[in-house]
Amino acid sequence: MTSSWLSPGKSAAVALTFDVDAETGVLSMDAKYAKHAMTMTHQAFGPDIGVPRILGILKDLQVPATFYFPGWVAERRPNLVAQVAEAGHEIAHHSYSHVPASSMTAAEERRDFERALEVFKNQGVDIYGHRAGLWEASWQTASLVAEYGLLYDSSLMNDDRPYHVPTESGSVVELPPHWSLDDWEQYAFLPAPQIGSIIEEPLKVLSMWKYELDAMRRYNSLFMLTNHPFLTGRAGRAEALRSLIEYGQSCDDVEFVTCREIAERAKADDSLATRPLQQPDIEAGVFPTS
Ligand SMILES: [Zn+2]
């Protein structure tokens, strides 16, 4: 008899996650954007206005959430990290620089990973989980997560329920996200750098995410919502987020849980899949290379 990652009587779990990328989202593309006042202030809206606004919604509705901070952002805004932690939410590791791990050497990725851990340690913040910048994990990311004693990762996508990932440094729990539950694909618009070119109607997004939650109740899935305060912190979108949470709360079989809580439960759930990581072996000449 194994314990279940879902509470008794629950059909789906909602993890509300907020990636506080702030300026790193664009600086990780090119440091030259530090000179662009509009671009920098557009990104700073996230920590300046978005996070406090989202904290207010979470407090009003009494739901827990997980905030993923790049170490660079935490270092510059220690009071914000403390404010989120004091509100009872989880703080998680979102790289140091937000540069995708898949574009770094193994040594660079390790250094970036460690540097963020040092920031959180200096601030007295306990860390249980990790999410790669842009979800672009390398094949070694999960083993770094295990090696540094973290419980879970949230970057990989071959399931919509938690699963176990064995690595050479021990097993980690994967809490899979997906683009369809990410506000970036709905709301990201910026001319330079071009991080996206869409501004969808919040009511459309609300409708789409409610539909997904209903479907996930049938399949006992993890509704991993990934939002960015510089996007969802805007007023109409924050309103849609509030409505989405209220809808979830109106469903008796839906629970709201932090990533840490889900990962702890999943760790003890042997019925969940185990999916080893394996880079496909590519025979020369079959596929084009650049
Ligand atoms: Zn991010």
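**Salt bridges and a helix pair**

Let me begin with Glu-75, which is partly exposed, with a relative accessible area of 37%, and please keep in mind that what we are looking at is a predicted model. The side chain of Glu-75 meets that of Arg-76 in a salt bridge, at 3.5 Å from N to O, and Arg-76 is partly exposed as well, with a relative accessible area of 46%.

How many salt bridges are there by this rule? The count comes to 14, and I will take you through a few of them.

Arg-275 and Asp-159 meet through their side chains at 3.0 Å, N to O. This pair links distant parts of the chain, since Arg-275 sits in the segment after helix H11 and Asp-159 in the loop between strands S5 and S6, 116 residues apart.

Next, the side chains of Glu-255 and Arg-265 form a salt bridge at 3.0 Å, N to O; Glu-255 lies in strand S11 and Arg-265 in helix H11, so the pair ties together parts that are 10 residues apart in sequence. Are these two buried or exposed? Glu-255 is buried, with a relative accessible area of 9%, and Arg-265, at 19%, also counts as buried, because the cut-off for buried is under 20%.

Finally, let us turn to the helices. H8 and H10 pack at an angle of about 25°, with their axes 9 Å apart, and they are therefore roughly parallel to each other. Their contact has 7 nonpolar, 3 polar and 4 charged residues, among them Trp-209 in H8 and Tyr-247 in H10.

Terms used
Residues are numbered from 1 along each chain as its sequence is written. This is a predicted model: local features need pLDDT of at least 70, side-chain atom pairs count only at pLDDT 80 or more; totals for chains, interfaces and linings use all residues. Side-chain values use heavy atoms; hydrogens and water are left out. Axes are lines fitted to C-alpha atoms, for helices over the stretch in contact, and angles run from 0 to 180 degrees between N-to-C directions. Helices (H or I, at least four residues) and strands (E, at least two) are DSSP runs, numbered from the N terminus. Angles under 35 degrees count as roughly parallel, over 145 as roughly antiparallel, 65 to 115 as roughly perpendicular and the rest as oblique. Contact means heavy atoms within 4.5 Å. Ala, Val, Leu, Ile, Met, Phe, Trp, Tyr, Cys and Pro count as nonpolar, Asp, Glu, Lys and Arg as charged, and the others, Gly among them, as polar. A salt bridge is a side-chain nitrogen of Lys or Arg within 4 Å of a carboxyl oxygen of Asp or Glu. Buried means under 20% relative accessible area, exposed over 50%, partly exposed in between (1.4 Å probe, protein chains only).
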